[in-house]
Amino acid sequence: MTEDTAVLPRKLSSRRVGRSPLPDLELIGENFGRILEDDLRPILKTTIGALILDCEITKLADVLERIPVPSMLGVVETDSTDRMALINIGSELVYHIVDMRMGGDPTTAPPVTTRSFTAIDAQLCMDVFDAVLRSFATAVVESLGVPLETSFRVAGHKQDINTVRIAPKSADVMLISASLDIGEAARSGDFDLIMPLSILDVLRAALMQTSVTDHVAPNDLWLLQMRKCAAEAEVPLHGILHRKSLPLAEIEALEVGHVLRLPRSALSQVSLVQAMGTEHEAPLATGRLGAYEGEKVVKLTDPPAARITDDLTRLLRLPDE
């Protein structure tokens, strides 16, 4: 193996993790626990204590290997990105949630029965999933002091972690692990909130935009110059024909002359994305591959995303407009 081909395995074996895009992650975790206690009391109709066990940035692979089967897994979607997050409610906590919602006694702690979960169990846990997401969003707003327009929702339930894929296993994620004490008998169980840093990047960008005031004096020459520079700044755009996954062994064996097959739809479904660094992309529009005046071109078939154009318009608007 040459030095160049050895780079990929070396990068994959690296265990370094990134930094949280959100400041004061520990403060967010503390506020999250406090807010969650208030949100869960009317749902479980008893006293709730939330203890934050971990609030850190780690590798997704390290988190997944610690999740047992069965667990109640809620796959989380957000309206700001196509990346997904995950809530893992341990089997003991699921048992207590279901029992309490079915009229269980908060002054007793019956022995936990481990079993596969039913659709009824998942539905009874739905309000708890929603409370976790709502409490996290509120904690971010309280900690950073600006409103958060992004919303989260549970898109589906799983029991086997091997059937869930929210990001590459080498991805960096925020992990908030907590233990809940329920009722006077202190029934207990743990859960995890697992969120890729790519989602936190989107949250940070939205918060930074919200925190910038639009009330600027029309004679602010510094702001005029900064917006002029921003309008002239070049942003790399990538036209992506198709995304394909290959086993690592096949990638290592690639040589000149190898053919990678693409679907016929690739020519008519070119994704135009803004490339922000080496890890983050923002979808801009879609188009089809063609030719014009002897050169390859991409012709847009759909308008750019309204959210992006609205943000750009607001960012580049002059103070007197």
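Begin by selecting helix α4, whose buried residues are Ser 91, Leu 93, Val 94, Tyr 95, His 96, Ile 97, Val 98 and Met 100. Buried here means under 20% relative accessible area, exposed means over 50%, and partly exposed lies in between (1.4 Å probe, protein chains only). Helices (H or I, at least four residues) and strands (E, at least two) are DSSP runs, numbered from the N terminus. With eight of its eleven residues buried, α4 is mostly covered. The cover over these buried residues includes α2 (25–44), β2, β3, α5, β5 and β6.

Some conventions apply throughout. The model is predicted, and local features need pLDDT of at least 70, side-chain atom pairs count only at pLDDT 80 or more, while totals for chains, interfaces and linings use all residues. Residues are numbered from 1 along each chain as its sequence is written, and side-chain values use heavy atoms, with hydrogens and water left out.

**The whole protein**

Now display the entire chain. The protein has nine helices and ten strands, and 37% of its 321 residues count as buried. Contact means heavy atoms within 4.5 Å. Among contacts between residues at least 6 apart in sequence, 71% join residues at least 24 apart.

**The six-stranded sheet**

Next, select the strands of the open sheet, in the order β1-β5-β6-β3-β2-β4, which has antiparallel pairing. Its edge strands, β1 (48–59) and β4 (152–158), each pair on one side only. Two strands pair if DSSP finds at least two bridges between them. Neighbouring strands of this sheet are turned by 20 degrees against each other on average, direction ignored. Axes are lines fitted to C-alpha atoms, for helices over the stretch in contact, and angles run from 0 to 180 degrees between N-to-C directions.

Within the sheet, highlight β2 (residues 72–78) and β3 (residues 81–89), which run antiparallel and are joined by six bridges. A hairpin of two residues links β2 to β3. Across this pair, Met 72 stands opposite Ile 89 in β3.

Why is β2 largely enclosed by the rest of the structure? Six of the seven residues of β2 are buried, so the strand is largely enclosed.

β2 and β4 pair in the antiparallel sense over six bridges, and Val 75 stands opposite Gly 156. Not counting residues up to four places away in sequence, Gly 156 touches Leu 73, Gly 74 and Val 75. Is Gly 156 buried or partly exposed? Gly 156 counts as partly exposed because its relative accessibility is 22%. From Gly 156 to Ala 122 the separation is 34 residues in sequence and 9.4 Å in space, C-alpha to C-alpha.

Finally, turn to cavities and pockets. On a 1 Å grid over the protein atoms alone, a cavity is a set of points where a 1.4 Å probe fits but cannot get out, and a pocket is an open set with protein on both sides within 12 Å along at least five of seven lines; lining residues have an atom within 4 Å of a point. Across the whole structure, a search finds one cavity of 30 Å³ or more. The largest cavity holds about 40 Å³ of space; a volume is the space filled by probe spheres set on the grid points, which are joined across faces, edges and corners. To see its lining, select Ser 91, Val 94, Tyr 95, Val 98, Thr 113, Thr 114, Arg 115, Phe 117 and Asp 121. α4 gives the most to this lining, with four residues.
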